[in-house]
Amino acid sequence: MRIRNTALLAAVLVAAPAAAQDAWTVRAPAPQGLDRAAAQATTMRHLQNLIRINTENPPGNEIRTAMYFDSVLSGVPGVETRILRVPEDSMRANFVARLRAANPRQKPVLVMGHMDVVGADTTKWETDAFTPTIRDNYLYGRGAIDDKGMLAATLTSLVQLAQQRNRLDRDIIFFATAGEEGGPAVGVDWVIEHHRDLIGDAEFALNEGGRIRVQDGRVRTVNIQTTEKVYYNVVATATGTSGHGSVPLPDNALAALARAVNRVHEWRAPVRLIETTRIYFQRLAAIEGDAEMKRAMEELSATGASREQIDGAAAVLSRDPLHNAVLRAGASLTLLNGGFRSNVIPSEGRATFNVRVVPGEDIGEIVRMMNEIDGEPQVTFAVEGEPAQAPPPSPVSTELFQAMEAAARVMAPSATVLPFMSTGATDGAALRAIGIPTYGILPMPLLMEDELRMHGDNERVPVPAVGWATEYIYRVLRQVAS
């Protein structure tokens, strides 16, 4: 099914359950210059077209999506476009468009999203992952959420704002990247190295990474990412005597590895609060329904809280895996390797922990604690690669953060706006590293069950959330660039 006109779109929206529909109904007047129905229909058309372009990574093949963006924007007055092909692979490319303000008096604002998507196990999908399908008022397709929905909403917003360039005092840069989902460095890092002049003058940037969460039929929180954890792999190596499987040996490497891995799995790193997470829990406390959790959030974020108070509150909050991941470095066991035959005791075994540390935290100290807690002389933990310097969190005082907060309060007045530290990784870290404050938002309001489909089977986005996302991005850019 394809949305071809606003009348058909209206019919689809009527089919939405009333309780859910309220979450995507904006009661404030539409912002000047935006026709809500037309923006919804246009963004849906773009998103459907983007889903049809298979950019599964690997191999990525982002050049086709870059060409689509170029075909839409190259004829728009005031917009300059560039397709940036990666020389080593003609099918990998990034895309940059710049809407030139008529009266530029301030540095540009940049909006970024990635064109590649993760793979899809098509045997477990209810629909064809690369054929956009509307069912029960949801649009199904790989990339509908991550990250083609944001790209489609930004594309619509940019075309609308191009018609108002006489009132803009900032250029708006649209940056669509390759390779965000892994593999060789063909995306944001490559562009910074080879074409930094196209994006490096931005004052701040808007990217994926945050969340707009729907609960009980309304937008409950708008989580604006200001920073993210730093990614490391830490490998545990166990050694012992090899031998025949018929003679058990006390220094069996795999047995020692199993004991050490279990201890580290059960271990919790010390709590480390930063400004973003302190404000996050402080504001979240205002809407927390569980009395014990609410009290713990208040105690944790209180000015002058002692270490004892913080640790006590964190013990309560850590019952929730997400809260636990926000409070401290997290170590997740992801790989176990050892042995080559069932009747041979191997002399070595390995285990890999994916470790995400809070910005400013020393990975060397975390690894030292892992070695201390493992309790096995035969097992040694070591970080792969060189430690990285985490870029500073983006401040909440910039015009862009304030515009994101303002748009959220207009469109969802009852929602709580939270600065947010992502436990995952995004392209935003590369921009922060070169001095561009970057803020993450996934602009479609989503139920948790739909958010959890990201990277999973049957990825989908509620049809009316697409228009909500477009209006949100439009409002943010219009405020910050006017």
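1. Burial comes first. In this predicted model, buried residues account for 55% of the 482 residues in the chain. The chain exposes about 19,900 Å², and carbon and sulfur atoms supply 50% of that area.

2. Now the overall build. The chain contains 16 helices and 19 strands. Its radius of gyration is 24 Å, close to the 23 Å that the globule rule gives for 482 residues, so the chain is as compact as a globular protein of that length. Along its principal axes, the C-alpha trace spans about 80 × 55 × 45 Å. Of the contacts between residues at least 6 apart in sequence, 78% join residues at least 24 apart.

3. A word on charge. There are 48 positive and 56 negative side chains in the chain. The centres of these two sets lie 5 Å apart.

4. Which residues of helix 13 are buried? They are Leu 400, Phe 401, Ala 403, Met 404, Glu 405, Ala 407, Ala 408 and Met 411. When you look at that list, keep in mind that an α-helix has 3.6 residues a turn, so residues three or four places apart point the same way.

5. The buried residues of helix 4 are Ile 63, Thr 65, Ala 66, Tyr 68, Phe 69 and Leu 73. Their cover includes helix 3, strand 1 (79-86), strand 2 (89-99), helix 5 (148-162) and strand 6 (172-177). Thr 55 sits in the loop between helix 3 (36-52) and helix 4 (63-73). Is Thr 55 buried or exposed? With 0% relative accessibility, Thr 55 counts as buried. Leaving aside neighbours within four places in sequence, the contacts of Thr 55 include Thr 65, Met 115, Asp 116, Val 117 and Lys 148.

6. Not counting residues up to four places away in sequence, Met 421 touches several residues, among them Thr 227, Glu 228, Lys 229, Ile 274, Ala 325, Val 326, Val 358 and Pro 359. As for Gly 33, which is 388 residues away along the chain, its C-alpha atom is separated from that of Met 421 by 33 Å.

7. Ile 212 is in strand 8 (residues 211-215). Ile 212 is buried, at a relative accessible area of 2%. Beyond residues up to four places away in sequence, Ile 212 touches Val 219, Thr 221, Val 222, Ile 441, Leu 442, Pro 443, Met 444, Pro 445, Leu 446 and Trp 468. Asn 337 is 125 residues from Ile 212 in sequence and 39 Å from Ile 212 in space, C-alpha to C-alpha.

8. Finally, have a look at Arg 196, in the loop between helix 6 (188-195) and strand 7 (204-207). Arg 196 is partly exposed, with a relative accessible area of 41%. What does Arg 196 touch, not counting residues up to four places away in sequence? The contacts are Val 191 and Ile 434. Arg 196 and Ile 434 are 238 residues apart in sequence and 9.9 Å apart in space, C-alpha to C-alpha.

How values were computed: Residues numbered from 1 in each chain as written. Predicted model: local features only at pLDDT ≥ 70, side-chain atom pairs only at ≥ 80, totals over all residues. Heavy atoms only, no water. Helix = DSSP H or I, 4+ residues; strand = E, 2+ residues; numbered from the N terminus. Rg over C-alpha atoms; globule rule 2.2 N^0.38 Å. Buried < 20%, exposed > 50% of the residue type's maximum accessible area, 1.4 Å probe, protein only. Contact = heavy atoms within 4.5 Å. Areas by Shrake-Rupley, 256 points an atom, 1.4 Å probe, with all protein chains shown as cover. Lys, Arg positive; Asp, Glu negative; His and termini not counted. Charge placed at Lys NZ, Arg CZ, Asp CG, Glu CD.
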